[in-house]
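Hi,

Here is the structure I promised to pass on to you.

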Amino acid sequence: MSVALWETVIGLEVHVQLKTQTKMFCRCAVDFGAPPNSLTCPVCLGLPGALPVPNARAVAAATRLGLALNCQIAERTVFARKNYFYQDLPKGYQISQYEAPLCADGSFLVPGEDHDLVVAIVRAHLEEDAAKTIHSGGETGRKVGADVSLVDFNRGGAPLVEVVTAPVIHSSRDAKRFLTLLRQTIIELDVSDAEMEKGTLRVDANVSVRPAGSTELRARWELKNVNSFNYVARGIDLAATEQIRRYQEGENVHQQTFDFEPSSGALTPHRDKEEADDYRYFPEPDLAPVEPDRAEVERLRAALPELPGARLTRLRTQLGFSRALVLVSGGLDQLYDATVAAGAEPHAAANVIANELVGAGVQPAQVPAGELARLVTARPRLPRPVFAAALAAADSAGFCADDYLAQAFTDADADLEAIVADVLAEHPEQVAAYRAGKEALAGFFVGAVLKKAAGAADPKTVSELVQRGLATQ
Ligand SMILES: [Zn+2]
């Protein structure tokens, strides 16, 4: 059986640490980088008698993320205790949501070049983070082989949303596409920094394979603690390839948990609490159910901005997918929209913003769209260095297309005149032939000048300059 007869099945679990001032159930600050164990209190340390209180801002942030994922927002949501014993969990349980998550039954559209991806979202629930364990002295930085393990309780109790997809993704490439757009959506919603290096975005991937055409779900491997989207993709490919090999050789695949080791690029078995799968969930008796106010939910829904996926879909019809992706993923599409709204031709505006502006290292927020529209309209194909200089002038408050254009035209024409002179000097025989009456050679000179100007010149202007050069030289 060849690999082509197998289908990879991927479900993702994405942990998002919410950007709130305080933790999920206490008033301790959430501050990445504070001295270890300086941000704790009886509630997040689980001391006897301490009572948790839900953070309303965390509930609102999770609701906004759920709405962006097209989830249903529960009328009544219940916190539960997820019981397990581990050094990063002083209470002996984590407060999470089990049977009644805040957000459920969503879907997230990822527009693509050749196919759109619709990822079903099973749930997005609120929970508190565990403390951070730092393993020191081992070769891999993991628990196995470490000399000491240190615990920092600052992170314990920080608010998390766990987004769980259905197993509907079928390639590592699609998994990466989904994660990339989800991350941008989270960042634009301003609910989290979503930085994998800081641990504010963490991804676990569940991977299985099945014969193509089948709908069964076979035993899956869970890849944990993978700290970049590229590693997620590599881990998925490794897991799928190995599972296919085992099935083809008549072996069985058992449910198992792995870490992806960036140093070796291999999957290593994960030895941890996750092997015990019975968390004995029960409703948290110290917390009342949360019943989100319906008017507030609708207000949050109405206040959602146009999200990157929707903007990608809209711009794709105007500009094609790859240009739309450059604008949206680069945070350039607001300027594009404003420039087009100010009267610029869409393709010319997209071209200038995606190529010249980025090339010149100019921040889009510093460019006045109205002036840019006038510039693009007056002279869409300025020589690149001239355009870069113009856009750099956008850094100063005095940026104005009028002031700039006069100079730009002069500079551009001076540059072109120099190129025309060079071309004529390089081709004395053709110049002589032209002057002897072979006027069709004018096209040859124009072509040579355009080639030297790397296309950043107006053919009509070049033609005039060539005629003038030939007449006077
Ligand atoms: Zn606390």
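This is a predicted model: local features need pLDDT of at least 70, side-chain atom pairs count only at pLDDT 80 or more; totals for chains, interfaces and linings use all residues.

**The zinc site**

Which residues hold the zinc ion? Its protein donors are Cys26, Cys28, Cys41 and Cys44. Each one uses its SG atom, and these atoms lie 2.3 to 2.4 Å from the zinc ion. If you go along the sequence, the donor residues follow the spacing C-x1-C-x12-C-x2-C.

What is the arrangement of the four donor atoms? The angles they subtend around the zinc ion run from 100 to 114°, so the arrangement is tetrahedral. For reference, the ideal angle for four tetrahedral donors is 109.5 degrees.

Are Cys41 and Cys44 buried or exposed? Cys41 has a relative accessible area of 18%, so it is buried, since the cut-off for buried is under 20%. Cys44 is buried too, with a value of 8%.

**Around Ile95**

Next, find strand β4, which covers residues 93–97 and includes Ile95. Ile95 counts as buried because its relative accessibility is 2%. Phe79 is 16 residues away from Ile95 in sequence, yet their C-alpha atoms are 6.4 Å apart in space. Phe79 is also one of the residues in contact with Ile95 once you leave aside neighbours within four places in sequence. Other contacts of Ile95 include Phe25, Pro52, Ala80 and Leu287, as well as Glu127, Glu128 and Glu284.

In soluble globular proteins, nonpolar side chains tend to be buried together. Here the largest nonpolar core has 73 residues. Which of them touch the most other members? They are Leu12, Val14, Leu69, Leu126, Phe178 and Leu223. Take Phe178 as an example: not counting residues up to four places away in sequence, it touches Leu12, Phe108, Val110, Leu117, Val119, Ile121, Thr165 and Ile169.

Apart from that core lies another, made up of 25 residues, among them Ala324, Ala348, Ala349 and Ala369. Ala349 is a handy one to click on. You will find it in helix α8, residues 346–359, and it counts as buried because its relative accessibility is 1%.

What does Ala349 touch, not counting residues up to four places away in sequence? The list is Tyr336, Thr339, Val340, Ala344 and Val376. Tyr336 sits 13 residues from Ala349 in sequence, and the two are 6.5 Å apart in space, C-alpha to C-alpha.

Cheers

Terms used: Residues are numbered from 1 along each chain as its sequence is written. Side-chain values use heavy atoms; hydrogens and water are left out. Donors are N, O and S atoms within 2.8 Å of the metal (3.2 Å for Na, K and Ca); water is not among the atoms, so sites may look incomplete. Four donors count as tetrahedral if all angles lie between 85 and 135 degrees; four count as square planar and six as octahedral if opposite donors are over 155 degrees apart and all others between 65 and 115; anything else is irregular. Buried means under 20% relative accessible area, exposed over 50%, partly exposed in between (1.4 Å probe, protein chains only). Helices (H or I, at least four residues) and strands (E, at least two) are DSSP runs, numbered from the N terminus. Contact means heavy atoms within 4.5 Å. A nonpolar core is a set of buried Ala, Val, Leu, Ile, Met, Phe, Trp, Tyr and Cys residues joined through side-chain atoms within 4.5 Å.
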